[in-house]
Amino acid sequence: MAFDELPAKERWFCRARLKLAPLEQVAARASGSDILDVGCGHGVLAALLLYGHPERRVVGIDPDLRKIEWANESIGRLPNAEFRAVTIEALAAERPAAFDCVIIADVLCLIARATWPPFLDAARRLLRPGGQLLLKDAENDGSWRAVKALWQERLMVHVLRRTVSTGGIGFATREELAGYVTRAGFAVDDIRATRAATPRRTFC
Ligand SMILES: C[S@@+](CC[C@H](N)C(=O)[O-])C[C@H]1O[C@@H](n2cnc3c(N)ncnc32)[C@H](O)[C@@H]1O
């Protein structure tokens with residue numbers, strides 16, 4: 001595993017993420033050779049995207065410099081992986097229409113709702129014509145699992161300080177999420193539940 005040489009705590013974190021989050025299902029739906037992983041964290045999803053796909057180039061971005069460093073010290077050693085602490089808006093200005101696929105996995109719930117439109121607009125500008133947005137986020141379906149997932153995020157952000165939040169923590173309903181995506185200029189092809197202990201939805 002690419003993360004074997006990281007300190008034990010970080011290694012454990014990557015293993016837990018692999019086991020608990022249905023990232024393999026997200027990676028399996030990605031298409032194209034140039035893929036952007038927004039809010040990549042340690043690069044666990046990027047690793048799944050790259051294994052078995054030497055033709056792919058994956059760029060991961062995240063505001064958390066610690067995580068970008070861990071990503072660069074592990075999966076970032078591959079020649080076709082690049083990890084940077086840069087905002088999605090800055091990358092969109094720097095590399096417009098550079099990607100076949102943009103993935104945003106479990107990130108929107110950590111940023112202020114008011115910033116979702118410019119965030120998604122930047123994702124659209126980063127895509128080539130006909131490109132694919134894969135959006136994975138927990139859904140506020142009113143269930144106890146959604147409440148549990150919310151408290152888990154709060155624990156990670158405010159108590160354990162393992163996750164950076166840029167403006168708030170909260171889940172949207174499926175309709176709200178689809179509305180934001182559509183208003184950003186995307187056509188929603190598919191909404192599906194992923195197999196996980198918490199309610200996750202993938203928009204493609
Ligand atoms: C729950 S983790 C998900 C990590 C990774 N996408 C995965 O699925 O394993 C959320 C990540 O979003 C990042 N994040 C928070 N605010 C962000 C923003 N405004 N833009 C991009 N990433 C952000 C955090 O630093 C964190 O690494």
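How do the axes of helix 6 (residues 116–126) and helix 8 (residues 174–183) cross, and within what distance do they come? The legends below take up this question and two further views. The model is predicted, with local features needing pLDDT of at least 70 and side-chain atom pairs counting only at pLDDT 80 or more, while totals for chains, interfaces and linings use all residues. Residues are numbered from 1 along each chain as its sequence is written, and side-chain values use heavy atoms, with hydrogens and water left out.

**View 1. The crossing of helix 6 and helix 8.** The two axes, which are lines fitted to C-alpha atoms over the stretch in contact, come within 9 Å and cross at roughly 55°, with angles running from 0 to 180 degrees between N-to-C directions. Helix 6 and helix 8 are therefore oblique to each other, a term for angles that are not under 35 degrees (roughly parallel), over 145 (roughly antiparallel) or 65 to 115 (roughly perpendicular). Trp116, Pro117 and Leu120 of helix 6 meet Leu177, Tyr180 and Val181 of helix 8, where contact means heavy atoms within 4.5 Å. By class, this contact has 6 nonpolar, no polar and no charged residues; Ala, Val, Leu, Ile, Met, Phe, Trp, Tyr, Cys and Pro count as nonpolar, Asp, Glu, Lys and Arg as charged, and the others, Gly among them, as polar.

**View 2. The surroundings of Ile169.** Ile169 has its place in the loop between helix 7 and helix 8, helices being DSSP runs (H or I, at least four residues) numbered from the N terminus. Not counting residues up to four places away in sequence, Ile169 touches Cys109, Leu110, Leu150, Glu153, Arg154, Val157 and His158.

**View 3. Ile169 and Leu150.** These residues lie 19 residues apart in sequence and 7.5 Å apart in space, C-alpha to C-alpha.

Technical notes. Helices (H or I, at least four residues) and strands (E, at least two) are DSSP runs, numbered from the N terminus.
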